[in-house]
Amino acid sequence: MRELGRVLDRREEIEEIIESEHKRVLPKLAEYREKLKGKTAYITAGAAHGHAIIALLKELGIEVQGAAIFHHDPVYDNGDINSDVLSSTVKNYGDVKHYNVCNKQAYELVNILNRLKPDILIARHGGMVIWGAKLGIPTFLMEDEQFGFGYQGILNYAEKVLETFDNIEFTLNLAKHSTMPYTDLILGSSWESSLAKEIKADLLILSVPITYRLVLTCGYVGYNGGLRVAEDIYDRVLDTYR
Amino acid sequence: MTTFIERPRTTCTLGGALAALTALPNVVPIIHASGGCGSSISTLLNQGAGYAGSGYSGGNMIPCSNVVEKEIVFGGENRIDELIQGTTEILEAELYFVVTGCMVEMIGDDVLPIVNKYAQKGVNILAASTPGFKGNLFTGYDIVLQTLAENYVEKTEVKELHTVNILGVIPKQDVFFKGNLDEIKRLLSKLGIKANTFYGQGETLQNLRHAGKASLNIVLSDIYGINVAQTFKEIHGIPYITADLPIGDTGTALFLRKVAETLQIDPQLVNAVIAEEKAYYYSYLERLLETYADFDLQRYAIVAADSNYAFPLLRFVSDDLGWIPYLAYISDILEDWQLEKVRSNFSELQSGKPNVIFTYPRGTAWWWQRLWWNLFGSRNWLYCQFGETL
């Protein structure tokens, strides 16, 4: 805003706008920050827009756990190292722990979301939202880059996030009944068999109590044992692989 | 034809030849056929065979002449010559082996003179005619091993009294071939017998090269590998016996006694070895007793397998494990005399008589007739001309 004022020679007018907007926005922002305290988020988006969303959410007091950013090359994008939005975001709002570039394979995203379990997923591209929703993570799609622009933009975002939290029952309920093309492997006991069925995991039973397999000469130690474990694990995995 | 085959139980003659070759150490097969043959067969031999892997130079590593319309119209002999030249320059092998597909056999390509040209230059190279229409995977195995027995195995009059060759365990059609052959080798070694298995762990081409020294061939099949044993008999003067795959105590004790008797091995040694193996076996199997009785695990068993496995497996499940043999479903295509042989095995069972049914219950002659009938609507001149040679 101040750069605009300098270039257009309207410094005083700009200062007035800034002051009045601060007066309007800051109390509301404080309210929103209070409501959003302790919430965590994960973002998948393109480069500059993704970095801007990180900044926005951090301004709202949301902890941004990580981001899957589709590319990052400010020099290639516009030939100006000064428009490196990522470094300005990090400088102003701090580091983003699980920040990755170009990890857009579905299995990567599913694994990350499953590990981080953020309170909300914000996606810039249709199709990416399904992985959050299937895991029971409240998710919204934000295709509009202008939605977060300016003073009003930050209030827009706060409202949008809170609206999403208003009713998460559909997501939570559907997550219980949705299926994933990825499976877990459990190396466990017979106790885990119901769990394995429930979460559709592959189970190799190898610790006590063992009631669902017969053990005679089978041993898992040494070179032969190693081959035998591999044989048994893949026996279970290939049994459910389609 | 209007039908297609998904997840086939076996593959064509070329496939059998490739299974037999890619499972050998340090052999580079060379395919003279169109590109799709090697590719589809390799996928089947890996994914359909317990992920057997491609071996030394199998899978997509197999050199292929990749014949197209040009070769079909003008002949593909120059192309295979060129391929052998390139392969022997680039790929190292103890043995190169050229196999052929349907299309080059139909146009009458003759690879033998070309291969002989290289053999005369000192290249270790063989060839066999293995078009898919000659039969199925079992035929391919027989052809490759017959060719090896005829042209690769050294002739010798000097026989080693207690050396045997194992035949009839077909790599990749029997997905357990390696484990099976290793156990056979271990058991026979306890009787003082050295077994060349060709496909087991640690086997080398030298074992195959010197297989002519054996004094007996053991064919672990009533049907397959017999032609190979016959070739060994004619060329190397080695007699053969057939035996069922030995599984568990009943089958294995029978097998060991049969082999020992043929080789005139001291019965006392045989008894001692069998007793030792039984002690080991029953110390483990005994643990099953409580479960067997408590859970009432005497159940009905159905086996669906090829003729090498169906009887030995059902015998194990019934005579060793005490289940009730209910049904045997034999999945391979058999000649009429083979059907009878396989069916008669089941009367040996100690514990009941299962129903035995066959995929092709009236033998191959009937099957081919049906095929031609379906293709042409009637027994036309084609069948009359070629029916017999098929």
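In the predicted model, strand β2 (residues 95-100) of chain B is joined to β3(B) by 4 bridges, and the two strands run parallel. Within this pairing, B:Val98 has B:Ala127 of β3(B) as its bridge partner. Helix α6 (residues 112-120) of chain B packs on the sheet to which these strands belong, where it touches β2 and β3 of chain B, and its direction makes about 170° with that of β3(B). The sheet itself is open and consists of 3 strands in the order β1-β2-β3 (chain B), with parallel pairing. Its edges are formed by β1 (27-32) and β3 (125-128) of chain B, each of which pairs on one side only. On average, and with direction ignored, neighbouring strands of this sheet are turned by 20° against each other.

B:Asn26, which is placed in the loop between α1 (13-22) and β1 of chain B, has a phi near 60°, a positive value in a residue other than glycine.

At the level of domains, chain B is divided into domain 1 (13-151), domain 2 (160-284) and domain 3 (290-359). The centres of domain 1 of chain B and domain 3 of chain B, taken over C-alpha atoms, are separated by 37 Å. A helix pair was also examined in this chain: helix α11 (residues 248-262) of chain B packs against helix α14 (residues 310-320) of chain B at an angle of about 120°, and their axes are 7 Å apart. With this angle, α11(B) is therefore oblique to α14(B). On the side of α11(B), the contact is made by B:Gly248, B:Asp249, B:Thr250 and B:Gly251, while α14(B) contributes B:Pro312, B:Arg315, B:Phe316, B:Asp319 and B:Asp320. Sorted by class, this contact of α11(B) with α14(B) comprises 2 nonpolar, 3 polar and 4 charged residues.

Chain A is likewise assigned several domains, namely domain 1 (1-36), domain 2 (38-177) and domain 3 (185-240). Between domain 1 of chain A and domain 3 of chain A, the C-alpha centres lie 62 Å apart. An open sheet of 5 strands is found in this chain, with the order β3-β2-β1-β4-β5 (chain A) and parallel pairing. Strands β3 (98-101) and β5 (139-141) of chain A are the edge strands, each pairing on one side only, and neighbouring strands of the sheet are turned by 15° against each other on average when direction is ignored. Within the sheet, strand β1 (residues 40-45) of chain A runs parallel to strand β2 (residues 63-69) of chain A, and 6 bridges join the two. In this arrangement, A:Thr40 stands opposite A:Glu63 in β2(A).

A helix pair of chain A was examined in the corresponding way. Helix α3 (residues 47-59) of chain A and helix α5 (residues 85-93) of chain A pack at an angle of about 10°, with 9 Å between their axes, so that α3(A) is roughly parallel to α5(A). From α3(A), the residues A:Ala48, A:His51, A:Ala52, A:Ile54, A:Ala55 and A:Lys58 meet A:Val85, A:Leu86, A:Thr89, A:Asn92 and A:Tyr93 in α5(A). By class, the contact of α3(A) with α5(A) contains 7 nonpolar, 3 polar and 1 charged residues. Elsewhere in chain A, a cis peptide bond, with omega at about 0°, joins A:Val208 and A:Pro209.

As regards confidence, the model scores ipTM 0.73 and pTM 0.73. The average pLDDT of chain B is 89, and 91% of its residues score at least 70. Over residues 378-390 of chain B, however, pLDDT stays under 50, and for this stretch the model has 8 contacts beyond four places in sequence. Where pLDDT is low, the predicted coordinates should not be read in detail.

Terms used:
Residues are numbered from 1 along each chain as its sequence is written. Chains are lettered from A and ligands numbered from 1 in the order in which they are written. This is a predicted model: local features need pLDDT of at least 70, side-chain atom pairs count only at pLDDT 80 or more; totals for chains, interfaces and linings use all residues. Domain bounds come from an automatic or database domain assignment. pLDDT is the predictor's confidence in each residue, from 0 to 100. Two residues are in contact if their C-beta atoms, placed from the backbone, lie within 7 Å. Axes are lines fitted to C-alpha atoms, for helices over the stretch in contact, and angles run from 0 to 180 degrees between N-to-C directions. Angles under 35 degrees count as roughly parallel, over 145 as roughly antiparallel, 65 to 115 as roughly perpendicular and the rest as oblique. Ala, Val, Leu, Ile, Met, Phe, Trp, Tyr, Cys and Pro count as nonpolar, Asp, Glu, Lys and Arg as charged, and the others, Gly among them, as polar. Two strands pair if DSSP finds at least two bridges between them.
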